[in-house]
Amino acid sequence: MDRPTTPGGRTAVRQGAQTAMEPRGLVDLRDAAGESFTVRYPPGAVVVVSGLPGSGKSTLLRRWSDRSGAAATVDPRAVHEACAAVMPAALPYAVYRPWARIEHFRLLRASVRRGGPLLVHDCGSRAWMRRWLSGVAARQGRELHLVLLDVGAVTALAGQRERGRWAPRRAFARHRRGLDRLLAAFTRHAAGAAGTPTPEAASVLLLDRVSRERAEAVRFGPAEPAR
């Protein structure tokens with residue numbers, strides 16, 4: 001079959017009833033209706049899924065991890081629950097949050113150094129984290145890719161209410177400011193501004209609430225040959 005290059009710096013390949021897309025550069029699928037698709041990344045890629053608390057990062061990661069068959073996942077929520085399991089029930093999370101963050105960073109460092117495809121849950125407002133991950137991955141001949149969920153604050157707060165867990169108000173506001181700046185930089189870049197807001201990432205995939213649900217699965221491996 002033909003292998004068309006679609007707008008936004010991505011390559012789409014028909015695979016049976018589903019399209020497999022290989023993002024490069026900035027790919028904006030917000031307000032883009034259509035069929036479900038699989039996202040394909042190079043072997044060993046580190047894929048960082050970012051967005052506001054409640055935007056659906058963990059749900060997307062679980063779906064992708066279950067259907068990838070290969071990728072490990074690093075989610076700070078798992079570390080939070082592991083730390084809570086060994087702490088007194090009456091002890092507030094704020095007391096041992098620094099320890100949980102250190103444990104999360106240790107797990108993340110070990111996972112990326114181990115090699116192989118990796119899915120990472122991150123708020124997205126910390127550029128230093130992406131740069132560090134990109135540097136470690138690059139030394140192993142691997143690429144960093146970013147998936148950014150832009151669902152808006154109202155939807156993210158509704159997601160927190162649905163899951164029964166609320167991010168602290170100040171933390172939510174801080175993440176929102178950081179992501180708003182990043183999204184504004186992508187808008188300027190798409191309009192022709194020089195440079196890219198995330199030079200450490202080989203691709204940035206922007207998804208909203210609808211296109212997030214269309215992203216059925218993720219695959220890691222060589223690009224499909226043209227047919």
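Modeller: A crossing of two helices is called right-handed if the near helix is turned clockwise from the far one by less than a right angle, and left-handed if it is turned anticlockwise. Please keep in mind that this is a predicted model.

Colleague: Is the crossing of α2 and α3 left-handed or right-handed?

Modeller: Helix α2 spans residues 76-85, and helix α3 spans residues 93-114. Their axes come within 9 Å of each other. By the definition above, the crossing of α2 and α3 is right-handed.

Colleague: Are α2 and α3 roughly parallel or oblique to each other?

Modeller: The axes of α2 and α3 cross at roughly 125°. Angles from 65 to 115 degrees count as roughly perpendicular and those over 145 as roughly antiparallel. The two helices, α2 and α3, are therefore oblique.

Colleague: How many charged residues are in the contact of α2 with α3?

Modeller: On the α2 side, the contact is made by P76, V79, H80, C83 and A84. Helix α3 contributes Y93, Y96, W99, A100, E103, H104 and L107. By class, these residues divide into 9 nonpolar and 2 polar, and the number of charged residues is 1.

Colleague: How are α3 and α4 oriented to each other?

Modeller: Helix α4 covers residues 127-139, and its axis comes within 10 Å of that of α3. The two axes cross at roughly 30°. Angles under 35 degrees count as roughly parallel. Helices α3 and α4 are therefore roughly parallel.

Colleague: How many nonpolar residues does the contact of α3 with α4 have?

Modeller: Helix α3 supplies F105, L108, R109, V112 and R113, while α4 supplies W128, M129, W132, L133 and V136. The contact of α3 with α4 has 2 charged residues and no polar ones, and its nonpolar residues number 8.

Colleague: What space lies in the largest pocket?

Modeller: The lining of the largest pocket has 42 residues, with P53, P76, H121, R163 and A167 lying nearest its centre. Helices α2, α3 and α4 are among those that each supply at least two lining residues. By class, the lining divides into 14 nonpolar, 13 polar and 15 charged residues. The space in the largest pocket is about 1,400 Å³.

Methods
Residues are numbered from 1 along each chain as its sequence is written. This is a predicted model: local features need pLDDT of at least 70, side-chain atom pairs count only at pLDDT 80 or more; totals for chains, interfaces and linings use all residues. Side-chain values use heavy atoms; hydrogens and water are left out. Axes are lines fitted to C-alpha atoms, for helices over the stretch in contact, and angles run from 0 to 180 degrees between N-to-C directions. Helices (H or I, at least four residues) and strands (E, at least two) are DSSP runs, numbered from the N terminus. Contact means heavy atoms within 4.5 Å. Ala, Val, Leu, Ile, Met, Phe, Trp, Tyr, Cys and Pro count as nonpolar, Asp, Glu, Lys and Arg as charged, and the others, Gly among them, as polar. On a 1 Å grid over the protein atoms alone, a cavity is a set of points where a 1.4 Å probe fits but cannot get out, and a pocket is an open set with protein on both sides within 12 Å along at least five of seven lines; lining residues have an atom within 4 Å of a point. Grid points are joined across faces, edges and corners, and a volume is the space filled by probe spheres set on the points.
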